[in-house]
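Subject: Structure handover: helix packing, pocket and cavities

Dear colleague,

Please find the structure for your review below. My notes on it come after the display.

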Amino acid sequence: MNELHTEKIKLWGIVQGVGFRPFVAKVAEKLRMKGTVLNIGGLVEITVTDSEQRIEHFIETIKREKPGPSEIVHVKRTVIEFENFNSFEIIGSGDGDDEAAMIPADLAICPHCLDELYDESNPRYMHPFISCMVCGPRYTIIDRIPYDRDNTTMVDFPMCDFCEKEYTDLHDRRHHAQTISCHDCGPQLLWKSGIYKGKAPVTDDEILDKASEILKNDGVIAFKCVGGYNLTANPFSAKAVKKLRDLKGRESKPFALMFRSIEEIRGYCHVNNVEANLLSSSARPIILLEHRLQEIKNSHQHEGKDFSDLEKSRFIGSFLPSFAAQYMLLDRISPLIFTSANISDMPMIKDDDAIESIGADAIIYNKRRIQIRVDDSVTRVIDNHPQMIRRSKGYAPVPLYLEAGSALGKRSIFAAGAQLKNSFSLSKGPFAYMSQYFGDMDTEENRTIYAENIRRMKELFRITPEVVVCDMHPLYSTTAFAEKYAADNNLPLIKVQHHHAHVASVMAENNLRDKVIGVCFDGTGYGTDGCIWGGEFLLCCGGNMTRAAHLKYVDMIGGDSSMKDSRKSALSYIYSSSLPASTDDSDVLTVDISDIISFGRDRLLSDPDAPVIMSALKNRINTVRSSSMGRLFDAVSALLGIKSYNDYEGQCAIMLEDAAAFAKANPGVRPEADLALSFHERIIDLILEGCIRIRNSEEKKDGNSKVNQVALTGGTFQNKILMEGVLEKLRNEGFEPFYNISVSPNDGGIALGQAFVGMHYI
């Protein structure tokens with residue numbers, strides 16, 4: 001037990017870029033261990049010589065006391081040839097072997113650095129780029145692994161003597177902090193005039209003072225942040241908001257607000273403990289919070305401020321600053337709109353020479369290159385758990401560990417993802433690397449960036465795909481990309497039905513191995529019968545799927561315009577209601593909306609183009625058969641006169657949910673709101689009915705089979721009233737409901753499900 005031997009210890013997880021090697025060295029010094037530690041590929045490798053008992057204690061101490069942002073996923077110990085060490089030291093990084101590599105996501109400024117930022121006695125007082133071993137940019141500045149300064153864009157900023165001294169001091173908090181910098185040697189704030197042509201400010205204070213002045217006078221500033229450029233404006237100035245909307249071509253979708261503190265957020269929104277913890281986490285995501293604007297207006301607080309743009313939804317996307325320069329600006333004016341600098345549907349701008357075309361009043365930039373553009377992540381809290389809506393900055397490219405991959409995934413998989421809200425996945429063994437969010441693949445620019453990032457992630461994580469998985473839709477650009485990639489590289493191609501992939505993403509996250517009832521509701525997905533699916537009850541196990549039930553098919557006016565024009569969905573349902581009911585569809589589920597149709601029929605039929613649309617439906621001209629729940633939500637929104645056109649994706653459904661929320665708080669005040677709430681309750685009952693029917697059917701087939709696991713997924717389940725109502729009713733009936741957490745229930749999570757299905761076929 002006390003005999004000395006040498007072990008090589010490999011640690012997988014978030015162990016690079018978070019101060020792990022210096023931490024290990026400090027633990028070794030405290031425990032008087034002798035050996036070495038180095039980054040190798042994306043791992044940390046420790047070699048020590050000591051007794052088995054002391055090595056065990058050393059490892060347990062590392063696991064117990066690891067740095068806050070780090071995560072140890074797996075430890076592998078191997079006894080090797082005896083080696084004598086005189087001390088413990090950090091040695092130079094190696095390229096490593098073919099093991100799975102992990103790189104931390106970008107980390108928000110830590111409390112220690114924030115304290116130093118405002119400490120007048122500190123050498124980094126008011127340094128806009130202050131960071132340390134446990135905070136600062138990571139993924140957005142890395143060029144290659146291992147994560148060392150020379151492998152990042154910080155290589156452009158040679159350390160001064162002061163920073164060099166801290167960097168090499170084992171006992172300093174910035175020991176081996178690759179983003180270390182100060183006023184003398186680090187990136188600096190720089191000013192570039194846009195529309196504003198006054199005297200150019202020079203110092204940090206001058207730059208931020210001038211930016212604040214412009215913002216207070218209805219201007220728009222382009223601000224280079226960690227993952228790309230943002231546009232910022234005063235949310236209480238109607239003139240500034242209009243200007244920002246004109247610059248982006250974004251008609252009405254709500255903007256997210258960056259606040260100086262959680263206390264300030266509480267002044268505008270309801271914030272529970274889970275939300276507060278998520279707001280202050282190192283990822284700094286945008287969180288959808290229910291606002292208190294009506295309450296504020298009634299109490300005459302903040303008089304003179306224009307709340308009209310903020311009241312377009314019952315939620316405000318709220319978040320805190322992630323790096324020092326943002327705090328310094330918000331000290332002067334807060335809150336502020338912070339939104340990606342791009343024209344709607346186009347990629348976020350990250351390069352300094354491209355930002356001038358956006359048309360901002362002025363540009364605040366710096367010379368630290370951004371290697372990878374990454375937009376802010378968006379989350380919410382549901383069922384008292386954080387749930388991803390858009391997985392990007394602060395989370396990508398941290399991989400998800402899949403139990404199925406541990407057992408099955410011996411071959412690397414490239415999963416192409418969906419056409420909308422795209423993210424792709426590259427898997428290696430049990431690890432699935434989800435890319436950042438790319439948005440919709442409808443533009444050539446997005447498709448180019450998508451292809452570039454696939455190449456980059458393959459190189460960065462040393463993944464050579466052996467299998468390609470994609471959606472079944474024949475017209476998706478991601479399908480075409482996957483087909484070409486597979487053909488060019490002579491690889492097998494697996495096509496997975498869209499809603500099956502949604503359900504599989506929940507199975508992957510929650511390690512569901514038995515039969516699962518998958519309830520997938522969204523706007524559109526290509527079905528195995530060639531119809532448009534979207535109101536699906538699937539029975540899934542492993543990589544297999546059976547369609548157990550679905551929402552009744554309705555002939556819908558087709559084409560892109562009908563996806564936005566909810567009147568066309570409503571008229572399709574009006575026409576369908578006039579047809580005789582089918583009697584032999586045992587797998588069809590229906591929801592009675594006859595009263596809702598009666599509420600809006602005459603108004604919609606009086607529209608000038610209604611006769612043409614109804615004639616097209618009657619003669620099946622430009623129609624598609626659809627079971628889409630998303631289109632039903634759109635139809636009900638139009639029938640109730642709530643919103644008849646989607647200015648942005650999902651707007652009609654969001655406003656329908658807002659009306660239902662109003663009715664919950666104010667029953668009987670507005671008939672259309674009461675019907676909106678009643679509709680939500682009917683859909684909840686429909687889900688319960690479908691799950692009970694499938695469970696009973698499975699029990700009849702096999703008396704020993706009791707299918708209680710339910711996976712809820714698809715964009716429609718971003719509806720909080722629907723989701724929380726369904727969870728309660730399913731649990732009351734003995735079901736175990738599961739849902740997406742680490743990836744989005746919308747199409748951003750599709751790639752994970754594709755990878756999961758692919759693991760079962762290789």
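Predicted model: local features only at pLDDT ≥ 70, side-chain atom pairs only at ≥ 80, totals over all residues.

Residues are numbered from 1 along each chain as its sequence is written, and side-chain values use heavy atoms, with hydrogens and water left out.

Helix packing

Helices (H or I, at least four residues) and strands (E, at least two) are DSSP runs numbered from the N terminus. Helix H17 (residues 594–605) packs against helix H21 (residues 671–701) at an angle of about 150°, and their axes lie 10 Å apart. H17 is therefore roughly antiparallel to H21; that term applies to angles over 145 degrees. Axes are lines fitted to C-alpha atoms over the stretch in contact, with angles from 0 to 180 degrees between N-to-C directions. On the H17 side, the contact (heavy atoms within 4.5 Å) is made by Asp595, Ile596 and Phe599, and on the H21 side by Pro671, Glu672, Leu675, Phe679 and Arg682. These residues comprise five nonpolar, no polar and three charged. Here Ala, Val, Leu, Ile, Met, Phe, Trp, Tyr, Cys and Pro count as nonpolar, Asp, Glu, Lys and Arg as charged, and the others, Gly among them, as polar.

Second largest pocket

A pocket is an open set of points on a 1 Å grid over the protein atoms alone, with protein on both sides within 12 Å along at least five of seven lines; a cavity is a set where a 1.4 Å probe fits but cannot get out, and lining residues have an atom within 4 Å of a point. The second largest pocket has a volume of about 720 Å³, volume being the space filled by probe spheres set on the points. Its lining has 31 residues, and Glu71, Arg391, Gly394, Tyr395 and Val398 are the closest to its centre. Strand S15 contributes the most to this lining, with three residues. By class, the lining of this pocket has 20 nonpolar, eight polar and three charged residues.

Cavities

There are seven cavities of 30 Å³ or more. The largest cavity holds about 160 Å³ of space. Among its 20 lining residues, Gly136, Pro137, Val226, Ser322 and Phe323 lie nearest its centre. The second largest cavity holds about 80 Å³, and of its 15 lining residues Cys225, Asn230, Gln326, Asp376 and Lys393 are the closest to its centre.

Kind regards

Definitions and conventions: Parallel < 35°, antiparallel > 145°, perpendicular 65-115°, else oblique.
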